[in-house]
Amino acid sequence: MRTILFLLLIGARLPAADVLTRVAAHADRFGTVSRQIWETPELGFHESKSSGLLQQEMRANGFAVEAGIAGMPTAFTASWGSGKPVIVLLGEFDALPGMSQKDVPTIDPVEAGAPGHACGHNLLGTASALAAVAIKEQMQAQGLKGTLRYYGTPAEEGGGGKIYMIHAGLFRDVDAVLTWHPGDANRVSLGSSLANNGGRFRFYGIAAHAAAAPERGRSALDGAMIMLNAIEMLREHVPQETRIHYIITNGGSAANIVPAFAEVSLIARSPQASVLEGVWQRIMKCAQAGALASETRFEFEQGTNYANVLANDTLAEVLGRGLEKAGGYEYTPEERRFAQQLQAGIDGAAARPGPEKVQADKSEGFTSASTDVGDVSWVVPTAQLTTATFVPGVGAHTWQAAACAGTSIGRKGMVVAARTLALAGVELFEKPGEIEAAKAAFEKRRAGRTWTTHIAAGSKPPLDYAVK
């Protein structure tokens, strides 16, 4: 009797053990892919090499790939299987402008001013692809039914690639979405993100000689500056979690010419899209005031517009179980020295949990970042996790993050993500009841609200937004 019980217990553990073995079997290859993408960072909608590498890997592993979808040359789907449920893993691969960095613990660009993977998207897209391959192999081994898809989603850093995929109907038949993001800790929670809205404000005035005939001119830069001064005053009268940030991308051509053109790129964020909408209307009034006071005119070009992430209780629990089984990882002595050098200039970094720790809880709250995963989460049940691809204390969009993303530390964190996603994905295919529970949790969180966006259906992706 004891022997039979022992065998039953071992058998119950076999699927999870098999999944982890399958991830391990492909980890080195996909680690190489992540490094190749890191070495050739590409801006949003221009990730031709990065997207091509991932498409190649998915084809080589038996997935049917469709490229150039939803009007985006670098977007693609990779599918395997048929029927229900339909489960999607999301992958991103775009870099950030001006964040070039070598994989060393001191600031040292590969090429000054060039792009770099300071958000770890070289790891993000690759780990999801690795997980998809492991899930597919496990489905074959167990005879599991359903459709597994990997979506290669470009231009998360402001281009909103997933929104155009939503408009194109690519999530219409999807039952659940799993994804992850690089971070400095291994964690699953019910946390959300900030909704955002942004774009370019262009002011048009009249040029004149700034000394000989200034009265003839109408300064577009004055219009922009009045708008921005009004926004600085507005900061006192918005919810404290609101963020408003901007740059002047064009302030004129010469100091002795009254500027006939000026441009501001601005993004506003808030935990709730409904609250943000009210803030945004006031920002538009600031622009109107600038134009009125300076006797110029302004135009607005819509840019990014991301919803806050809608958490899913059921899928978060599935990911949490996966993370606990996946476990963390240990630094080698060399990796520890690298980490200590990076942490030397970051307050409180050493006190944060190390990569050997994993945490799955039901805390809610929100991060101060934004993502178009939020938009996906409002149309289909979605959950995500973070893993320790960065040294504890290192934040995204920094040279330190770009350095980590190219190292073995980044690749180890990537494998933790792949292990977790693979375990969670197989569990969903094994237990269709969890899909139904996820849909019920989705409807409860959504509470009758629907997804809205300022990016109109039928609009074309702004393929050159990141290179203007």
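Two strands count as paired if DSSP finds at least two bridges between them. In this predicted model, strand β7 (residues 195-204) and β10 pair in the antiparallel sense over eight bridges. Within that pairing, Y204 stands opposite R297 in β10.

The pair belongs to an open sheet of four strands. Their order is β8-β9-β7-β10, and the pairing is antiparallel. The edges are formed by β8 (243-250) and β10 (297-306). Each has a single partner strand, so one side of each is left without a neighbour in the sheet. From one strand to the next, the twist averages 15°.

Two helices contact this sheet. Helix α5 (residues 220-234) packs on it and touches β7, β8 and β9 (261-270). The direction of α5 makes about 20° with that of β9. Helix α6 (residues 273-294) lies across β7, β8, β9 and β10. It runs at about 10° to β7.

A further helix pair was examined. Helix α7 (residues 313-326) and helix α12 (residues 432-446) pack at an angle of about 130°. Their axes are 6 Å apart. On the α7 side, the contact involves D313, T314, L315, V318 and R321. These meet E434, A437, A438, A441 and R445 in α12. An α-helix has 3.6 residues a turn, so residues three or four places apart point the same way.

Helix α2 (residues 48-60) was checked for length. At 1.5 Å a residue, its 13 residues should span 18 Å. The expected span is 1.5 Å times one less than the number of residues. The end C-alpha atoms of α2 are 18 Å apart, which agrees. The buried residues of α2 are S50, S51, L53, L54, Q55, E57 and M58. The helix is followed by G62, whose phi is positive, near 90°.

The largest nonpolar core has 75 residues, and M58 and V391 have the most contacts inside it. Helix α11 (residues 408-430) supplies the largest share of this core, 12 residues. A second, separate core has 27 residues, including V86, Y164, V174 and L310. Residues up to four places away in sequence aside, V391 touches D184, Y331, F338, A339, L342, Q343, C404 and I409.

Methods: Residues numbered from 1 in each chain as written. Predicted model: local features only at pLDDT ≥ 70, side-chain atom pairs only at ≥ 80, totals over all residues. Heavy atoms only, no water. Core = buried A, V, L, I, M, F, W, Y, C linked by side-chain atoms within 4.5 Å. Buried < 20%, exposed > 50% of the residue type's maximum accessible area, 1.4 Å probe, protein only. Contact = heavy atoms within 4.5 Å. Axes fitted to C-alpha atoms, helices over the stretch in contact; angles between N-to-C directions.
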